[in-house]
Amino acid sequence: MKKIGFILILVSIVASCTPEQNDEPITVTPADLHGSIDRVTEIMIHDIFSPPVASRIFAYPNVAAYEIVAMKDDGYQSLAGQLHDLAPIPKPDSTKTINYELSALVAHMELSKRLIFSEDRMEAYRDSLYTIYEGKNPAIFNASKEYGLKVADHIGVWMNADNYPQTRTMPKFTVDADNPTRWQPTPPAYADGIEPHWSKIRPFAIDSAQQFKPAPPPEFSLDENSDFYKELKEVYDIGNKIAEEGDASEEIQMAKFWDCNPYVSVTRGHLMFATKKITPGAHWIGITKIAAKKTDSDFDKTVYAYTKASIAMADAFISCWDEKYRSNLIRPETLINQHIDDSWQPVLQTPPFPEYTSGHSVVSGAASVALTDIFGDNFAFADDTEVPYGLPIRSFDSFRQAADEAAISRMYGGIHYRAAIEVGVKQGRDLGSFVVGKLKMKTGKGEVATN
């Protein structure tokens with residue numbers, strides 16, 4: 001009996017020395033997802049991705065996260081069979097306990113890491129979260145991480161088949177210097193036209209890059225009575241007027257707020273360097289974050305909002321870039337310098353690609369339709385997206401109003417004719433309405449089905 005008692009005491013001592021297996025609940029919040037997307041945006045600014053490429057970087061990780069949400073939450077429906085060539089994601093191991101929000105966040109961070117250059121910056125954010133989650137419940141953390149990575153691999157295969165890798169080896173855009181109507185590189189960097197083959201990227205929801213082909217621009221003419229010349233002169237006159245009013249003018253404030261040009265080059269003496277800014281898509285992703293936070297959206301609805309908006313914008317870039325390199329229209333700055341005033345400069349630096357249609361107008365139109373579908377019309381918000389870049393907050397009564405301002409700001413900036421803006425907004429809104437109508441993302445079940 002003494003020997004048995006001794007053994008029981010020894011077992012008790014050993015058991016008391018064994019480390020406890022933590023089994024706290026793991027809570028993944030919308031703030032964690034916002035943080036992941038914010039980190040991706042910061043990295044894209046650092047790595048200087050073009051606006052079309054940036055839209056791709058936002059879209060695929062959001063789709064991966066959304067598909068996991070739809071696997072778990074019957075208020076949402078998978079995009080498999082709705083987006084071109086997307087097959088259903090693998091099902092989780094039924095013998096393991098999965099935290100689906102954690103899996104969705106893991107998939108988002110993993111795919112984001114694969115799409116940017118500075119992977120170490122994404123890994124630092126990821127690892128900071130992993131340390132917290134694993135400390136709470138190693139078993140659930142590992143099972144959820146494993147599933148998230150499995151879905152990331154699945155979406156990664158689909159992603160890599162969108163023709164993007166092939167476009168990396170296609171020839172640069174050839175400038176037709178002998179044709180006075182065609183785009184020419186603009187000062188100060190005189191950079192090559194970016195992403196001339198973007199129309200070859202597989203769309204997400206639209207049927208093809210040409211589906212929303214806009215009406216052509218006014219016929220090129222330097223006749224002072226022609227519609228084209230009147231639009232050219234309008235850009236020149238507006239530029240001169242607001243330049244006289246100075247930086248405090250409302251038009252210049254609008255132009256700078258919506259600039260979103262990651263290619264701004266600064267020349268000092270013999271040195272030229274780039275200032276780094278967000279892309280127009282990143283600005284609207286920031287607006288999505290503002291709307292989700294204002295409505296106190298839960299994790300699933302936040303993923304849903306980011307996903308719908310980013311799909312609409314990714315397809316908008318494909319549609320817009322298809323027209324840009326088809327019409328291949330010369331920028332106002334070039335013509336004004338050649339034929340009106342050789343010392344004139346636009347308020348904003350002209351980005352390096354053809355003029356028609358306005359990318360800001362198309363993308364803002366599409367994003368505003370997607371966000372209105374989610375959060376409703378007349379959704380007032382204070383846009384602080386540009387505060388980190390030294391610009392004040394601007395307030396809007398609706399997403400539509402914000403899109404209209406983003407569009408017209410490009411004429412105030414001196415980089416677009418009126419037709420590119422007005423036709424571009426229509427192109428974007430038509431595309432956005434198609435995406436919203438085509439994608440059946442809500443099932444109508446449960447509270448989450450209510451916008």
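**Burial and helix packing in a predicted model**

Author: In this predicted model, buried residues account for 55% of the 451 residues in the chain. Residue numbers start from 1 along each chain as its sequence is written. Local features need pLDDT of at least 70 and side-chain atom pairs pLDDT 80 or more, while totals for chains, interfaces and linings use all residues, and side-chain values use heavy atoms, without hydrogens and water.

Reader: What makes a residue of helix H9 buried, and which residues are buried there?

Author: A residue is buried under 20% relative accessible area, exposed over 50% and partly exposed in between (1.4 Å probe, protein chains only). In H9 (residues 250-257), Ile-252, Met-254, Ala-255 and Phe-257 are buried. These buried residues pack against helix H8 (227-245), helix H10 (280-294), strand S3 (381-383), strand S4 (394-396) and H14.

Reader: How many helices and strands does the chain have?

Author: The chain has 15 helices and four strands, which are DSSP runs (H or I, at least four residues; E, at least two) numbered from the N terminus.

Reader: Why are H14 and H15 called roughly antiparallel?

Author: Helix H14 (residues 399-412) and helix H15 (residues 418-438) pack at an angle of about 150°, and their axes lie 8 Å apart. Angles over 145 degrees count as roughly antiparallel, under 35 as roughly parallel, 65 to 115 as roughly perpendicular and the rest as oblique; H14 is therefore roughly antiparallel to H15.

Reader: Which residues make the contact of H14 with H15?

Author: Contact means heavy atoms within 4.5 Å. H14 contributes Arg-400, Ala-403, Asp-404, Ala-407, Ile-408, Arg-410 and Met-411, and H15 contributes Arg-418, Ile-421, Val-425 and Arg-429. By class, six are nonpolar, none polar and five charged.

Reader: How do you know how H4 and H5 run relative to each other?

Author: Helix H4 (residues 100-115) and helix H5 (residues 119-136) pack at an angle of about 160°, with axes 9 Å apart. H4 and H5 are therefore roughly antiparallel to each other. On the H4 side, the contact includes Leu-102, Leu-105 and Val-106; on the H5 side, among the residues are Tyr-125, Leu-129, Tyr-130 and Tyr-133. The residues of this contact divide into nine nonpolar, one polar and five charged.

Reader: What share of the contacts in the chain with a separation of 6 or more joins residues 24 or more positions apart?

Author: Such residues account for 80% of those contacts.

Technical notes. Axes fitted to C-alpha atoms, helices over the stretch in contact; angles between N-to-C directions. Nonpolar A, V, L, I, M, F, W, Y, C, P; charged D, E, K, R; others polar.
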